[in-house]
Amino acid sequence: MAQSCLKCLKYIMCLANLLCFVCGVAVLVLGVYMMLSFRMAALTPTLASFTVPNMLLVSGIVITCVSFLGFLGALKENRCLLLTFFLLLFFLMLVELTAACLLLMYEGEIARMVNDDLTKGLELAKGKTGNSTMSEWDYIQDKLDCCGVHNWTDWGVNVPESCCRLGVCGTTEPLYRKEGCLGTLKTLFEDNFLTTGISVIVLCIIEVLGMCFAMTLFCHISRSGLGYKL
């Protein structure tokens with residue numbers, strides 16, 4: 001009976017980690033695609049390392065490595081790999097909860113940092129048509145239907161065509177987009193806040209289940225005297 005439970009638990013862990021590995025590869029590919037296709041780092045020069053493509057890239061690497069470790073540990077019944085898998089999941093869960101708490105505690109400071117960084121990026125783009133910073137501003141203003149940081153007056157006299165509705169600026173009184181990009185991004189974040197929170201909670205539950213499975217399998221292997229030793 002114990003051997004049957006051990007095998008069942010082993011194959012469940014293998015299947016779950018295999019699915020996580022596939023998801024990790026998908027996230028990694030998405031991060032690479034976004035990094036190559038949507039170059040928006042110049043919008044926030046100071047926070048360039050914390051762009052969505054970079055975070056997806058790091059997340060994909062972490063997920064693939066940890067899930068491969070769990071898959072190999074369960075398949076080979078290696079107690080050392082299972083214990084390492086357990087500790088990594090525990091560490092990742094602590095990091096996620098710490099990051100969530102810091103975001104909630106320092107929400108105002110983070111908003112000010114993003115505001116200052118967007119303003120700095122806009123100042124770099126002023127009067128420099130054709131450079132990468134300007135093209136990134138054109139892209140985000142067109143996609144998010146916004147203009148400038150707070151409104152179109154942030155551009156001064158050199159308002160880009162991407163700020164005009166339907167891209168038509170050749171009139172005496174062009175119709176500019178009213179909403180600033182900072183407000184649009186804030187609204188977008190608030191609209192997806194519940195989804196993000198649920199995703200974090202589901203991720204933590206999956207990690208707790210992974211830790212429980214890994215430790216249960218570790219204990220079964222230790223009691224039965226099977227598998228590779230530490």
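This is a predicted model: local features need pLDDT of at least 70, side-chain atom pairs count only at pLDDT 80 or more; totals for chains, interfaces and linings use all residues.
**Entry 1**

I looked up its accessibility and found 0%, so Gln141 counts as buried. I then listed what Gln141 touches, leaving out residues up to four places away in sequence, and the list holds Cys146, Cys147, Gly148, Trp155, Pro160, Ser162, Cys163, Arg177 and Cys181. Arg177 is one of these contacts, and I followed that residue next.

I asked myself which residues Arg177 joins through salt bridges, and looked up Asp142 and Asp145. Asp142 forms a salt bridge with Arg177, with 3.6 Å between the closest N and O atoms. Asp142 lies in helix α5 (residues 132-144), while Arg177 sits in the loop between α5 and α6 (181-191), so this bridge ties together parts that are 35 residues apart in sequence. For the other pair, I noted that the side chains of Arg177 and Asp145 meet at 2.6 Å, N to O. Here Arg177 and Asp145 both belong to the loop between α5 and α6, and the pair links distant parts of the chain, 32 residues apart. Because they share partners, the salt bridges join Asp142, Asp145 and Arg177 into one network.

Is Arg177 buried or exposed? I found a relative accessible area of 8%, under the 20% limit, and therefore Arg177 is buried. Its two partners come out as partly exposed, Asp142 at 46% relative accessibility and Asp145 at 36%.

**Entry 1: Lys10 and Glu77**

I checked how many salt bridges the structure holds, and the count is 4. One of them is made by the side chains of Lys10 and Glu77, at 3.4 Å from N to O. This pair again links distant parts of the chain, since Lys10 is in helix α1 (residues 2-37) and Glu77 is in the loop between α2 (52-76) and α3, 67 residues apart. I also looked up the burial of both residues, and Lys10 and Glu77 are both buried.

**Entry 2: aromatic pairs**

I turned to the aromatic rings, where the count comes to 3 pairs. I followed the pair of Phe21 and Phe68, whose ring centres are 6.4 Å apart and whose planes stand at 50°, so I recorded the pair as tilted. Phe21 belongs to helix α1 and Phe68 to helix α2, so that the pair links distant parts of the chain, 47 residues apart.

**Entry 3: how α3 meets α4**

Last, I asked at what angle helix α3 and helix α4 pack. For helix α3 (residues 79-105) and helix α4 (residues 107-125) I found an angle of about 80°, with the axes 5 Å apart. That angle falls within the range of 65 to 115 degrees, and I therefore noted α3 and α4 as roughly perpendicular to each other. On the α3 side the residues in contact are Leu103, Leu104 and Met105, and on the α4 side they are Glu107, Glu109 and Ile110. Sorted by class, the contact has 4 nonpolar and 2 charged residues, and no polar ones.

Technical notes. Residues are numbered from 1 along each chain as its sequence is written. Side-chain values use heavy atoms; hydrogens and water are left out. Axes are lines fitted to C-alpha atoms, for helices over the stretch in contact, and angles run from 0 to 180 degrees between N-to-C directions. Helices (H or I, at least four residues) and strands (E, at least two) are DSSP runs, numbered from the N terminus. Angles under 35 degrees count as roughly parallel, over 145 as roughly antiparallel, 65 to 115 as roughly perpendicular and the rest as oblique. Contact means heavy atoms within 4.5 Å. Ala, Val, Leu, Ile, Met, Phe, Trp, Tyr, Cys and Pro count as nonpolar, Asp, Glu, Lys and Arg as charged, and the others, Gly among them, as polar. Buried means under 20% relative accessible area, exposed over 50%, partly exposed in between (1.4 Å probe, protein chains only). Rings of Phe, Tyr and Trp (its six-membered ring) pair if their centres lie within 6.5 Å; planes under 30 degrees apart count as stacked, over 60 as edge-to-face and the rest as tilted.
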